[in-house]
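Work through the exercises below with the structure in view. Try each task before you read its solution.

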4 protein chains.
Amino acid sequence: MLLDSSARGVYVISATPFTDTGELDLASLEALTDFYLERGATGLTVLGMMGEAPKLSPEESAAVLETVLARVAGRVPVVVGVSNPGMSALVSLSQSAMASGAAGVMIAPLASLKTEEQVINYFAAVCSALGPDVPVVLQDFPLSTGVYISVATIEAIAAKCPQIVMLKHEDWPGLSKLSRLRAGETGRGTRRLSVLVGNGGLFLPQELARGADGAMTGYAYPEMLAEVCRLFDAGERERAEDLFDVHLPLIRHETQPGLGLAIRKEVLKRRGAIASAHVRAPGPKLDGIDQAELTGLMNRLEKRLQQLG
Amino acid sequence: MLLDSSARGVYVISATPFTDTGELDLASLEALTDFYLERGATGLTVLGMMGEAPKLSPEESAAVLETVLARVAGRVPVVVGVSNPGMSALVSLSQSAMASGAAGVMIAPLASLKTEEQVINYFAAVCSALGPDVPVVLQDFPLSTGVYISVATIEAIAAKCPQIVMLKHEDWPGLSKLSRLRAGETGRGTRRLSVLVGNGGLFLPQELARGADGAMTGYAYPEMLAEVCRLFDAGERERAEDLFDVHLPLIRHETQPGLGLAIRKEVLKRRGAIASAHVRAPGPKLDGIDQAELTGLMNRLEKRLQQLG
Amino acid sequence: MLLDSSARGVYVISATPFTDTGELDLASLEALTDFYLERGATGLTVLGMMGEAPKLSPEESAAVLETVLARVAGRVPVVVGVSNPGMSALVSLSQSAMASGAAGVMIAPLASLKTEEQVINYFAAVCSALGPDVPVVLQDFPLSTGVYISVATIEAIAAKCPQIVMLKHEDWPGLSKLSRLRAGETGRGTRRLSVLVGNGGLFLPQELARGADGAMTGYAYPEMLAEVCRLFDAGERERAEDLFDVHLPLIRHETQPGLGLAIRKEVLKRRGAIASAHVRAPGPKLDGIDQAELTGLMNRLEKRLQQLG
Amino acid sequence: MLLDSSARGVYVISATPFTDTGELDLASLEALTDFYLERGATGLTVLGMMGEAPKLSPEESAAVLETVLARVAGRVPVVVGVSNPGMSALVSLSQSAMASGAAGVMIAPLASLKTEEQVINYFAAVCSALGPDVPVVLQDFPLSTGVYISVATIEAIAAKCPQIVMLKHEDWPGLSKLSRLRAGETGRGTRRLSVLVGNGGLFLPQELARGADGAMTGYAYPEMLAEVCRLFDAGERERAEDLFDVHLPLIRHETQPGLGLAIRKEVLKRRGAIASAHVRAPGPKLDGIDQAELTGLMNRLEKRLQQLG
């Protein structure tokens, strides 16, 4: 099962669970995988930024990948984050992931790339080194990478690299960028990419209306993401937004840079998906005020979900 | 009427209205001032970043200030943004603003300041040059300035500069920062500043709960900001959040960097507060898709406000 | 006398002299203009970043321009820095400069431009607003602006804007960029721009060898820049480098970001070109150690110049 | 042999040699180690940024360390770069390095640290996790990390972490910072750190005069760095600067960000220290023009060294 440009729905970016003392918790990872699949994930993404991949040893990364792939057992495609400062490490991670059964790899431009020409050349070199059979997700996340690219650059990369089948769209602001990308496919006949949106889903309804195919993000209530996508597909946009808006206070809370991961893991823990909310150092921790604040937000969410019926 | 650390409520950051051809529209500015005051502003801030101040000529800036001060006629304090790469320009702008009747000036650290020591020394030099009688608002907005400062630095600046009476708090994430600032006043006895929050009010309920005194932002429905503050003061936090949540989709929409100002001006135009939504070049423009999307968000807001009763 | 793409030699970026108390010193500006012309300047650039332009009032900027133009009296072209966050201010500054007798204007991309497409569109809009008769210098200085552009983007801007006649080249590293730009003129037939290099002349010999037409920078010994260019034109590259290398310790010293301007003004003062080395606040000041260090470097320079004969 | 604050002289930052096809070349690494020691290195630093450490697999990093330690055989201290996004990886790398015979570890602040308080807390946490017996070099390299810290912050870190014995000083501009650091030791009695300077040695004479204890950098002629330090110690400052100035054109050439490493490896190859100048992808490559330019600079260097006698 290889990723292609027809991918749709919700690819959940998986958290990486640890014990309270920071050891990898593979039992929780299995439970978390079940949690995501039961709540409507049409795909999973592991070893992304949100998965604390840079804080894992190579052995731990391999264990995460094997555990998830075994648990998923082919039910949905699994994308693997392989961004790396070294090209050869990126390639060997990718090859090993694909050999293990991954559906594709996700790659963000390196922070050291200064011009868009450099970004285009980088992806051309990466794809050439990977070989044409490895499906690639281009992650466009300037707030994190510091690398800004225009629609023309995305199109140039896609033209040079047919194996790029998906855009993880998390530029901000990015609504108009998404519309211009889709307009290019109609107007200029550029190749259509699957576009899944990130940024915690903060603009999901607007992005679906502008042509996104779904979301690739780690919001701790993936069933909402899945249901919003389903309602959009069914033409029930207002109901989709009603549901989305109920979650928006918590989505906004989770999109706080850095801190968001600690909040997200705490929510996953409270929902029973993982045993510990531990984030590896250096990383944020929630204090008593943060915890109480989160309780308030979750209580309000539950209450409003009941009102929604 | 000088600003002091007891300031509370909603200081609306005023937009600067132009005609469709980009001329300053002072009649709209008068109408907009009325609009803000009628909707509960307890203060106004003019010539801020959101007010397109860097795109105004000195004569236009003076006209904006005079027009607003005349229209306000002493009913609420008016804060004037005076950030400037040159110290002498900053001082002369401040003196002229205070002479005209402003309540205080707002200053952000320059992007060229690299260390927190430099930031502290900068504010010490600025306040010394201003003289002790000019009340100052410290604007902490790292997403825009690129200058990050810790709580200890804010406290050091406040200790060196007694005329700093207010913090415009728009670090992101900033919730814990706000709590630590307030804890310092209790625990270490640091001087209490008025804290008004920015970022379009995106975290207003959480920030009020953590000790903020209100908001200084330009969200195009200032009556909501005022009512949320009022309900919090009255102990009705859940009702405050109910109201806030109804507005959150649009608040989120307005906080898109750069683009947000065009959205905000369009909302103000649709609400009858200004004649044209023109943003001076270089600046964003809304296209047909953006306009339709905004219509959808405003319609949903109206509908949900009615449901709220 | 309008700037065109045949411009060559040394365009000195003029400092703006102040008195010790920070007032504009027009008498020193006249003396400084003479100093530059007597030492081989083939052009002058005023109101650039190094000229502390953002710290001047509009009246002061006008006085600087008028004074320099009057003193130059048409002997060499004068370029005027007009970068400005507002398009209308940029245009009115440019028109007034050209009406006063300037040879062209210099414009850097705004720091708020994130993608190269935005940079291209910005220059297209600026040139359209200026009208086709205003010669423009494109300043490519990423270390200061944070905006990185590729050769393809420079070529796209030049193709859209025939009035762009010169590139101020101060990307770093930028040697290969310069070669690729020149190769495009031969290989792909792109329009030839005059290329003058910045960065204090730190790579001047290498850049002349790669096709630069000269330098546009403010090094306090402009006679060296002029002589190096002359020797290169005469085919005496080794002698050019011999002279350049003697100056390199001081050039390197002057290229320290921020601090460099204070050093440069102090050298100009010691050489009798201006009355005071004052830099407007906020800005760097030399302390006793800095002064002694500079004395040592200048003494060594004098000694080695004598050895060179 | 553990690093302490009495460290002086030249700690050469070792390149990591590869074959032309990008394989680790341990034979060249042994030859390079000999090259450095024969040319006056008083210490070595391996696995730094310049050593392409982020592009090595864990097995390769271990091989580099073992090879260098075996070759050095205790003659000089070896410092190991261990900066890592994950705390536990940093600690395990450090422990393994120390167990193998390293003299200390070098750590730069993570790019994700936004305030100086966060930097202080980070080093406190790191040192606590390392245990008090691991000597630490604090690398202050803002141009690369984006993290700017003031003298007060360096002092705070040193006060909290007695095991920090050395500052790798490569802020730019940094001359005044160095003087203020040294003044604190005299005036305020702060603990004295060994200070070795980086930035390719671009300001070495000025920094030695201001109190630096030597250099930690990778300039491809380490014998010059050693001799300049020796001459300074012997009170022969002018002769030291005479020698330094002869090398300055090439030093400047090597300090070009990114590209410099390719130049440095090419010089090392031409000097017979390594077999291939290969830089791992993604990384810069020298083309024919770059090669010829370098030949010219090296020829001039040789000629001037002969003139110097």
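A salt bridge is a side-chain nitrogen of Lys or Arg within 4 Å of a carboxyl oxygen of Asp or Glu. The model is predicted, so local features need pLDDT of at least 70 and side-chain atom pairs count only at pLDDT 80 or more, while totals for chains, interfaces and linings use all residues. Residues are numbered from 1 along each chain as its sequence is written, chains are lettered from A and ligands numbered from 1 in the order in which they are written, and side-chain values use heavy atoms, with hydrogens and water left out.

**Exercise 1.** Describe the contact of chain A and chain C.

Solution.
- Step 1: count residues. Chain A brings 10 residues and chain C brings 10 residues (contact: heavy atoms within 4.5 Å).
- Step 2: take the buried area, which is the accessible area (1.4 Å probe) that two parts lose on being put together, summed over both. Here it is about 820 Å², and carbon and sulfur atoms give 55% of that.
- Step 3: find the main contributors. A:K114, A:E117 and A:Y148 supply 51% of the area that chain A buries against chain C, more than any other three residues.
- Step 4: look for charge pairs. There are two salt bridges between chain A and chain C. C:R180 makes a salt bridge with A:E117, with the closest N and O atoms 3.1 Å apart.
- Step 5: place the residues on helices (DSSP runs of H or I, at least four residues, numbered from the N terminus). On chain A, α4 (116-130) and α6 (151-160) each supply at least two residues of the side that touches chain C.

**Exercise 2.** How many residues does chain B give to its contact with chain A, and which element of chain B gives the most?

Solution.
- Step 1: count again. Chain B gives 29 residues, and chain A gives 29 residues.
- Step 2: take the area. About 2,800 Å² is buried between chain B and chain A, with 54% from carbon and sulfur atoms. B:W172, B:R252 and B:R300 supply 24% of the area that chain B buries against chain A, more than any other three residues.
- Step 3: turn to charge. Chain B and chain A share 16 salt bridges. In one of them, the side chains of B:E238 and A:K303 meet at 3.7 Å, N to O.
- Step 4: list the elements. On chain B, α7 (175-187), α10 (237-254) and α12 (288-308) give two or more residues to the side that touches chain A. α10(B) gives the most, with nine residues.
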